[in-house]
Amino acid sequence: MSFFEIKNLVMRFGGLVAVDDFYLSLAKGELVGLIGPNGAGKTTVFNMITGVYTPTEGHIIFQGEEIQGKKSHEITAMGIARTFQNIRLFNDLSVLENVMIAYHCRIKSNFLQAVFRFPIYLKEEKKMVNGAKDLLEQLDLIDFAYEKASALPYGQQRKLEIARALATHPKLLLLDEPAAGMNPNETEELMKLIQTIRKDFDLTIFLIEHDMKFVMGICERIKVLDYGKTIAEGSPEDIQDNPKVIEAYLGERKYA
Amino acid sequence: MDKNILRNRILTLVSLIFLFFFLYLAKHYTSEYVLRILNNTAIFITLAVSYNLINGITGQFSLEPNAFVAIGAYTSALLTLTPAEKELSFIIKPLIWPLNSISLPFLPSLIIAGIVTAFFGFLMGFPVFRVRGDYLAIVTLGFGEVVRVVANNLQSITNGPLGLKGLAPYTNIWWTWGFCVFTVGFIVMLVNSSFGRAMKAIREDEMAAEASGINAFRHKMMAFTISAFFEGVAGGMLAHLITTISPTLFTFFLTFNLLIIIVAGGLGSTTGAIIGAVLFSVGGELLRAVEEPMDIGPLHIPGVPGMRMVIFSIILILLMLFARSGIMGRKEFSWDWLINKIRGLKR
């Protein structure tokens, strides 16, 4: 039994087949990439894994448990966290609060204990603050702790989203185009960051990315999706030379 | 850091004592009319602050407070009236058992009114939170109307359009302001807790909140039920303030007024809700002057009833033009802010 497995996953929106017969198997600690032209169904796969969509058919098995059709927050609580393609932060809240929110799902006290500030709640609140501050420190965001999330520069916002995802204590991390909109320097830094958190937090990572240098440089294994179908799978070297992949990205040879 | 917290607590306590003395003086040295305004103000603050919890903090635009106020008002009224009074009132259809034979003191009636309203809110939440945005507003608006129509027709419980008359005037400024302070304290503590943070996260981005492990449905229900409880109790107070209730009192207009209060004050700000409620209830009375006949030099203006509403509308339009996010925006009052302001002035 593998750590994370997807079998025959299908998603149909009316007549449109967004994802067709998708399969995947991740071993613990792997770093796998998912690429494909725009509209290939990559984000749909993420949305099915995280419970935003219920798949039309198929199975998603995480640590031996079927998770398809479960609610988003339940899946997060089980240990799958994600970031979004277009950054989704809690803009009006502080950087610290953004991360603290991710600790809320493990709170034991009820709302009355929270309102009347019972010691049990105050202890939990303190733990949340300390945990969030540690995490911000680790990701070099601590200087911004009391800034509004929307006031951060773009690159830091991406990082904050990763920090928030890490705060839920995930075992599997899904990154949806983490390098989108970054310059080469920032991309370089992001690659290092991903390598570090993977080691420090003992993570398995599955990511979507368009930046080929990034994907080829960081992923151990790559899956290529086109029109909802898997057209290739293998090591970065295999993918680079695969004629089907070149065709999907650049069109057929005769037109090239 | 700790020193500041202690200082803030002392300041809060001192201002509560001031409020107490102010109310004491008002009760003994002012007219019935002023007391009436004070009572209304407290009830409107209670309603606005709890309505803001669901609309402003959790960001679920809903339009049902008139339903909750009505349920609270009817429940408490049916509990405090004596069996003899009930028999006298219900002339078309007799009141059903066991309501016709019980009579409770004011406090337990209010608490039961709150619990009953919260229970209705809880049940209502299941269908209501299946939808979002504009649809949520429409569905809750519908529920508000349903409650009013039911009150109009369920004669064996509500006495229909005749309403309930002759309630004992239990409500005084200690009840209204006492409960108002409790409500504001409760909501502020809730909003500043981990649960309040989760509610704000839902307002900011529901999808991201879910992805961060927050059960959005559960927290929306929590905000909705809590706000129903406080609105129900406030409804009970209102009923025993005006001593006569009928379905016409709980039309959409009540919700509309509350909406104006929280939007003008700043959606999502508890401070804003309080300021809005004070301006609405006190300002509304002060503006009565413009409806009186006036003599400006040789010009004689006869009193125009409804002139207040025109001025009110102009104020609202100005707010929309120049302060789109209301008086406070999403900012809150804090002692630290005030002290920094004062220090700034000294310099």
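Let me start with helix α1 of chain A, residues 42–49, which in this predicted model lies across five strands of chain A, namely β3, β6, β7, β8 and β9, and runs at about 145° to β7(A).

Those strands belong to an open sheet of six strands in chain A, and if you follow the order across, you read β6, β7, β8, β3, β9 and β10, with mixed pairing. At the edges sit β6, residues 80–82, and β10, residues 229–234, each of which pairs on one side only. Direction ignored, neighbouring strands of this sheet are turned by 20° against each other on average.

Now, how do the two chains meet? The contact takes 28 residues from chain A and 22 residues from chain B. On the chain B side, the elements that give two or more residues are α8 (173–191), α9 (194–204) and α10 (206–211), and α9(B) gives the most, with seven residues.

Finally, let me turn to chain B itself, where the domain assignment gives domain 1, residues 1–30, and domain 2, residues 35–251. Their C-alpha centres lie 28 Å apart, and the contact between them takes five residues from each domain. On the domain 1 side, these residues divide into three nonpolar, one polar and one charged.

How values were computed
Residues are numbered from 1 along each chain as its sequence is written. Chains are lettered from A and ligands numbered from 1 in the order in which they are written. This is a predicted model: local features need pLDDT of at least 70, side-chain atom pairs count only at pLDDT 80 or more; totals for chains, interfaces and linings use all residues. Domain bounds come from an automatic or database domain assignment. Two residues are in contact if their C-beta atoms, placed from the backbone, lie within 7 Å. Ala, Val, Leu, Ile, Met, Phe, Trp, Tyr, Cys and Pro count as nonpolar, Asp, Glu, Lys and Arg as charged, and the others, Gly among them, as polar. Helices (H or I, at least four residues) and strands (E, at least two) are DSSP runs, numbered from the N terminus. Two strands pair if DSSP finds at least two bridges between them. Axes are lines fitted to C-alpha atoms, for helices over the stretch in contact, and angles run from 0 to 180 degrees between N-to-C directions.
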